Amino acid sequence: KKAFDWLYEELPELFEGFDSDYLGRLIIRHDESKHSPEEFDAYCDYFYGDEKTDDVKQAFDYAWLHHQHNNPHHWQHWLLREDDGGLKALEMPKEYVIEMVCDHWAFSWKKYDLYEIFNWYEENKSKMELHENTQELYESILDKIKARLDDINGKQE
């Protein structure tokens with residue numbers, strides 16, 4: 001929510017054409033499925049349990065799959081396994097790309113280093129299967145964030 005609020009205040013052009021109430025509800029409901037029976041216990045056991053047995057790992061895999069399929073801000077939600085065995089990345093709607101950026105940026109906020117997302121993305125982008133338009137939008141948002149952070153912090157290249 002902090003990342004979303006920052007974007008909304010500092011980069012309002014990202015939200016042009018969107019219903020602000022809808023976006024607010026989207027962020028409030030972010031990852032709500034983690035409280036579902038399909039996910040809650042498996043997440044608790046995996047992240048906070050005493051040991052990661054094969055059963056715990058398998059339960060988490062199913063919970064993570066459920067999570068991806070029920071939260072369209074995850075890029076995995078937009079992967080289509082085709083009948084011929086191919087994998088196609090579908091283009092994500094802009095609101096979910098913004099939510100995905102906020103989700104990824106949340107770790108930077110937790111670490112009190114708002115620039116951390118840029119290193120994280122460089123280290124992880126090769127693992128992400130994104131439609132080229134989605135990747136361009138994601139990177140464009142990151143560029144805008146960096147430029148605004150630099151401006152706020154008085155940095156110049």
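A disulfide is a pair of cysteine sulfur atoms within 2.5 Å. I started my notebook with that rule, working on a predicted model.

**Cysteines**

I counted disulfides by this rule and got zero. Cysteine 44 has 27% relative accessibility, so I noted it as partly exposed. Cysteine 102 comes out at 8% relative accessible area, so I put it down as buried. The cut-off for buried is under 20%.

**Aromatic pairs**

How many aromatic pairs does a search of the whole structure find? I noted 13. I took one of them for a closer look: tyrosine 43 with phenylalanine 47. Their ring centres are 5.9 Å apart. Their planes meet at 40°.

**Where the pair sits**

I looked for both residues along the chain. Tyrosine 43 and phenylalanine 47 lie in helix H3, which covers residues 40-48. They are four residues apart, about one turn of the helix.

Are these two buried or exposed? Tyrosine 43 is at 10% relative accessibility, so I filed it as buried. Phenylalanine 47 has a relative accessible area of 47%, so I filed it as partly exposed.

Next I checked tyrosine 46 for a charge over its ring. The charged end of lysine 52 sits there, 4.2 Å from the ring centre.

Technical notes. Residues are numbered from 1 along each chain as its sequence is written. This is a predicted model: local features need pLDDT of at least 70, side-chain atom pairs count only at pLDDT 80 or more; totals for chains, interfaces and linings use all residues. Side-chain values use heavy atoms; hydrogens and water are left out. Buried means under 20% relative accessible area, exposed over 50%, partly exposed in between (1.4 Å probe, protein chains only). Rings of Phe, Tyr and Trp (its six-membered ring) pair if their centres lie within 6.5 Å; planes under 30 degrees apart count as stacked, over 60 as edge-to-face and the rest as tilted. Helices (H or I, at least four residues) and strands (E, at least two) are DSSP runs, numbered from the N terminus. A charge sits over a ring if NZ of Lys or CZ of Arg is within 6 Å of the ring centre and within 35 degrees of the ring normal.
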